[in-house]
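Let's take a walk through this model together, starting from the inside and working out to the loops.

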Amino acid sequence: MRRSFSFLTLLATLLALLAVVPLASVLAQLLQPSTGEIWAHLLRTVLPEYLANTGWIALGVALGTVAVGVSCAWLTAAHEFPGRRLLEWALILPFAMPAYVMAYAYTDFLQVSGALQSALRELTGWDVREYWFPPIRSLGGAVAILVLALYPYVYLLTRTAFLERSAAMHEAARTLGASPWRTFWRVSLPLARPAIAAGTALALMEALADYGTVAYFGIPTFTTGIFRTWYSLGDRVAAAQLAAMLVGFVLVLLWLEQTSRRRAKFDGGRHHAAAPRTRLAGWRAALATCVCALPAILGFLLPAVLLLTMSLREPLAAIDPRFWRAAGNSLLLAGLTALLAVALALLFAYHARLNPSPLARLLNRLVGLGYALPGVVIAVGVLLPAAALDNLLAAQLRALFGWSVGLLITGSIAGLVYAYLVRFLATALHTVEAGLAKIRPALDEAARTLGSGPWRTLAHIHAPLLTKSLLTAALLVFVDVMKELPATLVMRPFNFDTLATRVHTLAADERLAELGLPALTLVLVALGPVLLLARQIARHGRADRRLSASLPRRRSSAPAAGSCPAPPPAGDRS
């Protein structure tokens with residue numbers, strides 16, 4: 001038993017250290033001397049713009065996701081109105097729509113030659129110069145796209161917090177004379193603050209990691225600056241130092257989120273009955289339905305229809321050999337990474353179960369760091385040591401055996417899969433840990449009493465019980481890999497395309513009609529786990545309805561209870 005523990009601990013430690021190599025590699029570049037001319041050029045020309053644009057995007061995404069997510073969460077959790085049962089899970093559908101894909105669809109629809117402006121000119125007889133239309137390719141357009149793609153993070157976490165609100169607290173507030181609006185501001189919203197902060201932090205991490213949207217709209221940010229410094233200026237050290245600065249933003253964001261939850265203690269009233277929903281009627285019910293339907297329509301339904309229209313516009317042009325090769329490469333990478341991620345997640349989670357020590361918790365935390373890092377940062381952190389190791393191996397094999405092996409890591413998909421594992425292993429780990437937590441320790445003790453070792457117990461007891469969790473973890477990682485763009489652009493071998501890079505290339509070449517089918521394929525693949533999540537939400541909703549059927553309902557009488565309360569402006573990924 002002790003030998004199994006020691007071997008498992010040693011293996012988990014080595015794998016965790018491999019997972020933090022990219023972060024350590026990027027941070028180590030801060031100590032490396034860079035070309036003075038490059039940094040002087042960056043400071044004089046583009047670095048202030050990188051800082052300003054990244055800051056404005058972060059601020060806009062924070063305000064937008066909080067406004068949309070909290071409003072929809074409060075309406076679906078605390079009120080009853082027509083369409084609520086459908087909208088409470090339809091609001092998470094934008095998870096299936098990558099932000100860069102949404103940007104391509106809306107650009108084709110809203111640009112000067114797009115369907116909307118063309119119809120506007122036909123109806124009014126205006127010329128292009130005779131009216132003003134908000135440009136989609138702008139900083140505001142990028143913020144709007146990212147808000148529509150990322151608000152579900154805030155919505156999901158905040159909705160859960162609102163569902164757990166205590167009926168006793170609300171009734172006490174109403175007894176003391178507080179109106180529904182004041183009860184929301186003084187009771188419900190403060191209790192949900194940790195969930196709002198966590199959801200906003202996840203949305204901001206994804207916004208900082210975005211490359212496809214800002215690159216297509218021509219907005220200089222840190223992610224586009226890393227690509228430009230690496231490829232155009234040819235300075236890998238300066239690019240890694242820019243990546244280290246981006247990591248600094250992410251670490252500050254994580255620290256702020258943790259601090260906001262540590263300084264205050266909340267009692268959500270979980271030991272009391274949940275507050276019943278307020279039934280809305282008339283114009284208040286219609287307004288609530290419109291407010292909740294709009295994000296789902298703009299964030300998923302309309303872009304999906306636009307992609308379908310683009311696919312039908314030139315179907316034969318999109319289905320070419322390059323599309324099938326890209327689809328095959330995507331399936332290969334996603335399937336291989338998903339299998340490895342599930343195996344590694346099971347190893348880490350089982351090690352923590354067998355040996356619940358501070359070291360095991362530390363190793364799992366180190367593995368989870370990758371999810372907080374942007375894909376381009378991980379790619380840079382992988383490429384620097386992998387290229388050095390490739391050169392060393394090639395030189396040694398040539399000197400010892402006369403073999404010319406080329407680049408074993410960066411010249412194949414090995415480096416790309418490694419980057420994916422660093423980025424998405426946390427997703428699988430959290431899912432497997434949640435599944436293991438549901439298995440009672442008494443089963444382990446019974447197996448141990450019958451003479452079964454830890455590995456036999458894992459194979460014959462835990463693995464069958466974890467089948468659903470393992471499949472869910474594999475599906476989540478599979479979808480994440482299919483959608484990943486910046487890491488793939490940096491790490492892919494020469495002449496190796498995936499569906500994500502194929503869509504990006506077609507968009508860069510302004511061949512928007514041809515990108516509809518591969519982009520729609522990405523959305524359909526991502527729709528699977530989102531529908532599974534929607535099914536769970538609907539199942540919980542049915543349980544809530546059975547519970548609330550025995551509770552008295554109250555009808556809205558004050559105007560404030562029927563309207564969607566606007567959350568306060570706020571500055572601020574599993």
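Keep in mind that this is a predicted model. Start with the largest nonpolar core, which has 168 residues; among these, Leu307 and Leu515 touch the most other members. If you want to know which helix gives the most to this core, look at H16 (residues 321-354), with 15 residues.

Now zoom in on Leu307. Leaving aside residues up to four places away in sequence, Leu307 touches Met97, Val101 and Ala105, and also Gly516, Ala519, Leu520 and Val523. As background, nonpolar side chains tend to be buried together in soluble globular proteins.

Next, the helix packing. Two packed helices are described by the angle between their axes and the distance between the axes. Take helix H5 (residues 99-110) and H7: their axes are 9 Å apart, and the angle is about 130 degrees. H5 and H7 are therefore oblique to each other, and their crossing is right-handed. On the H5 side, the contact is made by Ala99, Met102, Ala103 and Tyr106, while H7 brings Ile145, Leu146, Leu148 and Ala149. Sort the residues of this contact of H5 with H7 by class and you get eight nonpolar, no polar and no charged.

H7 passes H10 in a right-handed crossing. From H7, the contact uses Leu146, Leu150, Tyr153, Val154, Leu157, Thr158 and Ala161; facing them in H10 are Ala195, Ile196, Ala198, Gly199, Thr200, Leu202, Ala203, Glu206 and Ala207. By class, the contact of H7 with H10 has 12 nonpolar, three polar and one charged residues. Leu146 turns up in the contact with H5 and in the one with H10.

Finally, over to the loops. What is the phi of Asn495, which is not a glycine? It's positive, about 60 degrees. Asn495 sits in the loop between helix H23 (486-491) and helix H24 (499-508), and its relative accessibility of 72% makes it exposed. Glu510 also isn't a glycine, yet has a positive phi of about 60 degrees. You'll find Glu510 in the loop between H24 and helix H25 (516-548). At 41% relative accessibility, Glu510 counts as partly exposed.

Technical notes. Residues are numbered from 1 along each chain as its sequence is written. This is a predicted model: local features need pLDDT of at least 70, side-chain atom pairs count only at pLDDT 80 or more; totals for chains, interfaces and linings use all residues. Side-chain values use heavy atoms; hydrogens and water are left out. A crossing is left-handed if the near helix is turned anticlockwise from the far one by less than a right angle, and right-handed if clockwise. Helices (H or I, at least four residues) and strands (E, at least two) are DSSP runs, numbered from the N terminus. Contact means heavy atoms within 4.5 Å. Ala, Val, Leu, Ile, Met, Phe, Trp, Tyr, Cys and Pro count as nonpolar, Asp, Glu, Lys and Arg as charged, and the others, Gly among them, as polar. A nonpolar core is a set of buried Ala, Val, Leu, Ile, Met, Phe, Trp, Tyr and Cys residues joined through side-chain atoms within 4.5 Å. Buried means under 20% relative accessible area, exposed over 50%, partly exposed in between (1.4 Å probe, protein chains only). Axes are lines fitted to C-alpha atoms, for helices over the stretch in contact, and angles run from 0 to 180 degrees between N-to-C directions. Angles under 35 degrees count as roughly parallel, over 145 as roughly antiparallel, 65 to 115 as roughly perpendicular and the rest as oblique.
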